[in-house]
Amino acid sequence: MTEEKAKPANFIEKIISEDLASGQHSSIVTRFPPEPNGYLHIGHAKAICLNFGLAQQFGGQCNLRFDDTNPEKEDEEFVQSIQDDIQWLGFQWSGEIRHTSDYFDQLHDWAVHLIKEGKAYVCELKPEQAKEYRGNFQTPGKNSPYRERTVEENLELFAKMRDGGFEEGEAALRAKIDMSAPNMNLRDPIIYRIKKASHHQTGDKWCIYPSYDFAHGQSDAIEGITHSVCTLEFSDHRPLYDWFIEQLPVPAEPHQYEFGRLHLNYTMTSKRKLKALVDDKIVAGWDDPRMPTISGLRRRGFTPASIRNFCNSLAVAKTDGIVDIAQFESFARDDLNQNAPRAMCVLNPLKVVITNLTDDHYEELKAPYHPNREELGGRVIPFTKEILIDQDDFKEEYSKKFKKKFTPGKRIRLRNGYVIEAVDFEKDDSGNVIKVNAILIENTLGVDPEDGDKPKGVVHWVSADKGVEAELRLYSRLFTSEAPDKGGDYMENVDAQSLKITTAIIEPSLAKAAPESAFQFEREGYYVADRYDHAEEKPVFNLTIGLREDKSLTQA
């Protein structure tokens with residue numbers, strides 16, 4: 001067996017190794033700082049695996065800090081779902097959960113410090129005026145008429161902001177940097193804005209809230225973050241991140257590093273657009289199995305290991321790139337192939353009556369859950385006179401194309417069971433085969449027939465009267481377009497057929513499966529017992545993924 005080569009270190013790993021070797025840091029501290037305004041998606045999973053993975057790799061710690069500076073869009077539901085997702089993926093943050101709101105008093109004091117240093121001012125330009133004054137990439141901005149207020153006046157006005165003396169949009173505290181800077185983020189950015197909304201952590205204590213750019217770096221400094229790892233869109237914000245660190249008496253000087261975001265084709269990860277799918281009831285919720293959210297992937301049946309393995313396989317680079325969703329799906333398929341127990345489920349049942357068995361024949365056949373995993377144990381499959389096979393496994397006439405299937409005079413082996421031979425069949429008034437009569441070939445449990453006439457193939461089956469009806473939710477990709485949110489209305493690219501609900505007959509033991517139990521329904525695909533709706537009295541299974549990649553999905 002060839003020894004697997006070690007994966008080359010990415011640029012962040014190299015930086016950390018050098019920082020530890022030089023003594024610049026004795027240990028590392030990273031953080032994952034989500035805003036609780038929606039559910040985490042597959043792009044966040046890459047960031048989670050990177051930040052928590054770096055801490056594990058270098059024996060450091062990774063904090064979970066909620067970036068809760070926008071109370072209008074945040075909710076405790078999102079806070080809880082983010083914690084659940086991180087732990088489900090197999091990670092645990094260091095110490096207590098942290099919130100940017102924990103630092104609101106300190107951030108306020110630092111804002112006052114900037115005012116006293118003459119580096120911040122209260123601006124009363126209306127939002128549309130401020131936008132005009134800011135300029136654009138071709139035109140430098142111009143100074144606000146309020147930029148040269150005295151320190152005393154700014155302190156008084158900032159206190160008025162905090163005390164609720166201004167309405168929303170009437171005033172903002174801005175950093176005094178450079179309105180002609182080529183980097184738009186340095187054109188006197190907002191530090192504090194007025195939002196008269198109750199906060200899920202601080203209640204009604206504040207009516208002013210720090211901007212992300214002001215809160216982010218200072219929160220990192222308070223927590224002693226050594227390597228602040230962000231996605232690439234924050235690279236233009238790094239000069240501002242560094243400017244605040246340089247101007248304030250912070251307890252540490254963290255450094256920001258950016259890496260490329262994860263983009264999957266046939267997928268959309270904009271929180272705003274995902275929220276629209278939920279609000280417009282295009283999907284059943286943030287955890288709908290068609291959603292790219294971690295909760296949706298979990299309910300779909302993707303495993304934590306498959307998501308981690310996929311994320312760890314991706315390059316950590318300084319450029320963005322698009323990954324084929326089939327690559328992601330292959331990690332799910334590989335993991336489930338190795339670990340999912342096998343079971344049988346008939347989607348399109350056709351009755352087979354074994355005529356040389358008695359009407360009350362009942363036998364319990366033993367079968368392993370996995371052909372290569374003895375430790376997974378086995379189950380009992382009821383075998384009776386009447387069984388069900390898939391309609392496609394029977395043909396009225398033999399042909400070379402169909403030589404491995406069931407036809408009159410030909411034999412087939414029942415998976416984990418006996419060999420049977422078709423004798424004849426019955427049709428309904430429309431000409432559809434509705435019943436096959438067959439005979440059991442004796443002494444063929446686990447062995448070939450003594451007469452040498454071997455079966456031509458193997459079919460899955462269930463007992464007709466002991467099998468249990470289950471609801472199957474057949475999920476496919478939500479979008480028909482490879483780039484659903486590029487050009488035009490992404491809603492037009494929603495596949496109306498991305499969910500089909502049908503019934504099937506399953507082995508009776510599957511009804512007792514615990515929610516979130518994954519199985520390979522032999523010859524059908526990988527399915528998972530629904531996290532919420534599956535119950536013994538009404539089994540519900542979601543299609544996770546097919547046994548093989550469906551090439552038709554990627555063909556134009």
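Helices (H or I, at least four residues) and strands (E, at least two) are DSSP runs, numbered from the N terminus. The structure is a predicted model, in which local features need pLDDT of at least 70 and side-chain atom pairs count only at pLDDT 80 or more, while totals for chains, interfaces and linings use all residues. Residues are numbered from 1 along each chain as its sequence is written, and side-chain values use heavy atoms, with hydrogens and water left out.

**Exercise 1. Describe the sheet that contains E1, E2 and E3, and the helices that lie across it.**

Step 1. Two strands pair if DSSP finds at least two bridges between them. The sheet is open, with 3 strands in the order E1-E2-E3 and parallel pairing.

Step 2. Strand E1 (29–32) and strand E3 (98–99) each have a single partner strand and stand at the edges, so one side of each lacks a neighbour in the sheet.

Step 3. Over 4 bridges, E1 pairs in the parallel sense with strand E2 (residues 61–66). Arg-31 has Asn-63 in E2 as its bridge partner.

Step 4. Axes are lines fitted to C-alpha atoms, for helices over the stretch in contact (heavy atoms within 4.5 Å). Angles run from 0 to 180 degrees between N-to-C directions. Helix H3 (residues 76–88) lies across E1 and E2 and runs at about 160° to E2. H7 lies across E1, E2 and E3, at about 140° to E2.

**Exercise 2. Characterise the packing of H7 on H8.**

Step 1. Helix H7 (residues 212–223) packs against helix H8 (residues 238–247) at an angle of about 60°, and their axes are 9 Å apart.

Step 2. Angles under 35 degrees count as roughly parallel, over 145 as roughly antiparallel, 65 to 115 as roughly perpendicular and the rest as oblique. H7 and H8 are therefore oblique to each other.

Step 3. From H7, Asp-213, Phe-214, His-216, Gly-217, Gln-218, Asp-220 and Ala-221 meet Leu-240, Tyr-241, Phe-244 and Ile-245 of H8. The residues of this contact comprise 6 nonpolar, 3 polar and 2 charged. Here Ala, Val, Leu, Ile, Met, Phe, Trp, Tyr, Cys and Pro count as nonpolar, Asp, Glu, Lys and Arg as charged, and the others, Gly among them, as polar.

**Exercise 3. Determine whether Ala-422 is buried or exposed, and list its contacts.**

Step 1. Ala-422 lies in strand E19. The relative accessible area of Ala-422 is 2%, and the residue is therefore buried.

Step 2. Apart from neighbours within four places in sequence, Ala-422 is in contact with Phe-394, Phe-406, Thr-407, Pro-408, Gly-409, Lys-410, Val-436, Asn-437 and Ala-438.

Key. Buried means under 20% relative accessible area, exposed over 50%, partly exposed in between (1.4 Å probe, protein chains only).
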